[in-house]
Amino acid sequence: MTAPKLDAQKLRADFAVFDELTNGRPVAYLDSASSTQKPRQVLDAMREFYEHSYANVHRGVYTLAERATAGYEGAREKVRAYINAPSNREVIFTRSSTEALNLIAYAWGLENLGPGDVVVITELEHHANFVPWQFMAKKTGAQFAHIPIDDYGELQLDTLDEIARRGNVKVVANNLVSNTLGTINPVEKLAAWAHEQGAIMVVDAAQAAPHKHIDVQALGCDFLVFSSHKLCGPSGAGALWGRRELLEEMQPFNFGGEMIRSVALDRTSWNELPYKFEAGTPAIAEAYGFGIALDYVSEIGLAAIEAHEHELVVNAMEQLGEIPGLRIFGPPADRRTGIVSFELESVHPHDVAQILNWEGVAVRAGHHCTQPLMTRLGVAATTRASFYLYSIEEDVDRLISGLLKVKDTFGV
Amino acid sequence: MSELEQMYREVILDHYKSPRGHGLLEHPDAQAEGQNPLCGDEVTISVKFAEDGETIEAVGFDGRGCAISQAATSMLTELVTGRTATEVAALPKEDLLEEIGIPLTPIRLKCAILGLGVLKVALHKAKGTPLPAEWQNLGDDLQFD
């Protein structure tokens, strides 16, 4: 059976951003790892929602309120289905992956960590899955340990035994896909190890969920987070999945309306899951748009998206490899998703990105919210190109000729 | 090539490739270093005063980073030589940006003013010249010693 295929040119017609031409060409948008462009289907659906189905959710008795609630709860079910979570009571809408990780760190971490305990993250983590844990470890007196990477940017699992000897491992937090290197991490193995230690497994799937099929039951993790804006949905909407038993035990993170059952002067009782963790009026239309984006991506098919990006990254790495003075970071093409971080000798990433911008190529230059990783790589910043379902071969070609222009400009 | 690109090439790259005032001074009267941890630009600036102890006679810098940070610092050395410490301590960043001549996005703005910040800190440390309040805000993301 041949690999599933997507027609990127056809899909690009859904994205008005590519209709805008500069010097006769659309932007070669190579920063989807940071955030993704939005198709008309998502935008039209949100507009329609606002125009015909908008009201506050879970409260009103009138028709508009029923429609709004159905739209919001319908989106929750879409999230559940997308990650194969057992129940939508376990799916909580947040503002982003970052907020979801903070929720876990505060609401689970503060209660469950203390001296003698070990919090384990990795050198690959995004600050959102690094800093909250570092803070909680400091605050509770727990140790903060990291799994190092090898020169391919892959986790050194042979360090786990030593880490286990440092104390009671209570939580292991890891990104399924590295946003800087594209490394695909062995989360199932880490989850199994975590459970052996009596620890929970937290998965940051922000960079994985848009590009690979996710199944929380198969992964064996205890918490998983991902974001709408990284898979063609609106910003301001993210999802947290957690095991019911864990969520039931946790105290709420935000307090206010919606998350209560009854409020009196002397005591207040919490609402049931998932509402216990959804205080206040949510980002209703954004959650709805998140659901539409999940439909859009699911219809194209994650397998097709993965295959498409793989083709592009193989091509990109081959061509980048031929540029003298250019160094690529991370694993070989068949052990990564569609992300490539690199450095060009003698030219700072900011300057690379600046000149590429004038060629109509959008890449990211910086530390990519992974400063510990940059330190490990021995650089302050890298230039990063990343692909998605709307990326085409021409984007790769323009990246390469843009880089040759950079070399020419700097005389290197 | 767009006008912007042209300016970038001529102005920035000229200074980047042949920086004026490159190389730290021996026995400086004032010195400080700073960096932008977000992108790794670093700059060290050394100053020598004339006999009056006020007029900047020579400025030498060392550093590594993006073309804008290094070029801006290079232009800075030319801009301030012959001016007094008090004058330079109060030099508005707009003067330097005008000298650079090309419009900069907020991120690259930080690259451009790094050298100016370091110079002001050097003067502050050596002569007690004030660090203007406006500067304090801009300096939040940057680290100075």
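**Exercise 1. Describe the open sheet of chain A: which strand order does it have, and which strands stand at the edges?**

Solution. The open sheet has 4 strands in the order 11-12-15-14 (chain A), and the pairing is antiparallel; strands pair if DSSP finds at least two bridges between them, and strands (E, at least two residues) and helices (H or I, at least four residues) are DSSP runs numbered from the N terminus. Strand 11 (326-329) and strand 14 (364-366) of chain A each have a single partner strand, so one side of each is left without a neighbour in the sheet, and these are the edge strands. From one strand to the next, the twist averages 30 degrees, where angles run from 0 to 180 degrees between N-to-C directions, and axes are lines fitted to C-alpha atoms, for helices over the stretch in contact.

The next step is the pairing itself: strand 11 of chain A joins strand 12 of chain A in the antiparallel sense over 4 bridges, and Phe329(A) stands opposite Ser341(A) in strand 12 of chain A. Finally, helix 12 (residues 349-358) of chain A packs on the sheet, where it touches strand 12, strand 14 and strand 15 (382-386) of chain A, and its direction makes about 160 degrees with that of strand 14 of chain A. Contact here requires that the C-beta atoms of two residues, placed from the backbone, lie within 7 Å.

The model is predicted, so that local features need pLDDT of at least 70 and side-chain atom pairs count only at pLDDT 80 or more, while totals for chains, interfaces and linings use all residues. Residues are numbered from 1 along each chain as its sequence is written, and chains are lettered from A and ligands numbered from 1 in the order in which they are written.

**Exercise 2. At what angle do helix 4 and helix 5 of chain A pack, and which residues make the contact?**

Solution. Helix 4 (residues 97-112) and helix 5 (residues 131-140) of chain A pack at about 20 degrees, with their axes 9 Å apart. That angle makes helix 4 of chain A roughly parallel to helix 5 of chain A, since angles under 35 degrees count as roughly parallel, over 145 as roughly antiparallel, 65 to 115 as roughly perpendicular and the rest as oblique. Helix 4 of chain A contributes Leu101(A), Asn102(A), Ala105(A), Gly109(A) and Leu110(A), which are met by Pro132(A), Trp133(A), Met136(A) and Thr140(A) of helix 5 of chain A. By class, the residues of this contact are 6 nonpolar, 3 polar and no charged; Ala, Val, Leu, Ile, Met, Phe, Trp, Tyr, Cys and Pro count as nonpolar, Asp, Glu, Lys and Arg as charged, and the others, Gly among them, as polar.

**Exercise 3. How many residues does each domain of chain A give to the contact between the domains?**

Solution. The domain assignment of chain A, whose bounds come from an automatic or database assignment, gives domain 1 (8-30 + 301-410) and domain 2 (45-298). Their centres, taken over C-alpha atoms, are separated by 29 Å. The contact takes 22 residues from domain 1 of chain A and 19 residues from domain 2 of chain A. On the side of domain 1 that touches domain 2, helix 11 of chain A gives the most, with 5 residues, and that side has 10 nonpolar, 6 polar and 6 charged residues.
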